[in-house]
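Could you walk me through this model in my viewer, one selection at a time? I would like to know what to click on next and what I will find there.

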Amino acid sequence: MNMGDTQIIIGEKDATRIPPYSSQEGINSLIRKSQEAKEFAYCPYSKFRVGAAVVTHDGTVFTGCNVENACYNLGICAERNAISKAVSEGYRTFKAIAITSDLNEQFISPCGGCRQFMREFGTHWEVFLSKPDESYMEMTVEELLPVSFGPEDLTSKKLFTMQNGY
């Protein structure tokens, strides 16, 4: 799939550029960014490191890693970490996300919560599920979460209104 000729800029202050996503080299560069992010994972309980790198439509890349907590449900996945960093900087649309782990035998796959989190920002952006050797499987958010519930569903006409005003 042709992802355009956007030059990727890593962060606002870093002028490092990686090749455009219309090239294999550009995809591999995004996967490498997710692998670099994985190195910062804080996972003392599961020992399962995950890194993610999301690219916005203007070519800015944000990375994230999983951060665990002794109170397990307070941890955050790499995908949500990277997307949240981008959103906190004003970005709301994305071209692609690369996800990696230490799994050698299978491609990493985002959890259900991350799939829904990605879905919040659209269904037609690319997801690269990768392995440490930079091999990957390409999907879209829609393929990962078919028949999904999104923001537009909240504005759909409802069959009835409840008595208490909801």
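Start by selecting arginine 49 and glutamate 39, whose side chains meet in a salt bridge with an N to O distance of 3.2 Å. This is a predicted model, so treat the distances on this tour as computed from it. Both residues lie in the loop between H1 and strand E3 (50-56), so the pair ties together parts that are 10 residues apart in sequence. Arginine 49 is partly exposed, at 24% relative accessible area.

Next, move to helix H1 (residues 24-38) and pick arginine 32. Its side chain forms a salt bridge with glutamate 134, at 3.0 Å from N to O. This pair links distant parts of the chain, 102 residues apart, with glutamate 134 in the loop between E6 and E7. Arginine 32 is partly exposed, at 33% relative accessibility.

Stay on H1 and select lysine 33 with glutamate 36, which are 3 residues apart, about one turn of the helix. They form a salt bridge too, the closest N and O atoms being 3.2 Å apart. Which of the two is buried? Lysine 33 is, with a relative accessible area of 16%, whereas glutamate 36 counts as partly exposed at 44%. The whole structure holds 6 salt bridges.

From glutamate 134, follow the chain both ways to see the hairpin of E6 and E7, which has 5 residues between its strands. Glutamate 134 sits in the turn with a positive phi of about 75 degrees. Strand E6 (residues 126-130) and strand E7 (residues 136-140) run antiparallel and are joined by 5 bridges. Click on valine 127 and you will find methionine 139 of E7 opposite.

Now select glutamate 79 in helix H2. An unreviewed UniProt entry lists Glu79 under "active site". Glutamate 79 counts as buried because its relative accessibility is 4%, and the cut-off for buried is under 20%.

For a surface view, show Tyr42, Tyr45, Val67 and Tyr72, a nonpolar patch with about 450 Å² of accessible area together. Tyrosine 72 lies in the loop between strand E4 (60-65) and helix H2 (78-88), and it is exposed at 64% relative accessible area.

Finish with the cysteines. How many disulfides does a search of the whole structure find? It finds 0. For cysteine 43, the nearest cysteine sulfur belongs to cysteine 65, 8.5 Å away. Cysteine 43 is buried at 11% relative accessible area, while cysteine 71 is partly exposed at 39%.

Note on methods:
Residues numbered from 1 in each chain as written. Predicted model: local features only at pLDDT ≥ 70, side-chain atom pairs only at ≥ 80, totals over all residues. Heavy atoms only, no water. Patch = residues over 30% accessible without salt bridge, like charges linked within 9 Å, V, L, I, M, F, W, Y side chains within 5 Å. Areas by Shrake-Rupley, 256 points an atom, 1.4 Å probe, with all protein chains shown as cover. Salt bridge = Lys/Arg side-chain N within 4 Å of Asp/Glu carboxyl O. Helix = DSSP H or I, 4+ residues; strand = E, 2+ residues; numbered from the N terminus. Buried < 20%, exposed > 50% of the residue type's maximum accessible area, 1.4 Å probe, protein only. Disulfide = S-S within 2.5 Å. Pairing = 2+ DSSP bridges. UniProt positions renumbered as here; feature names shortened; annotations may be inferred.
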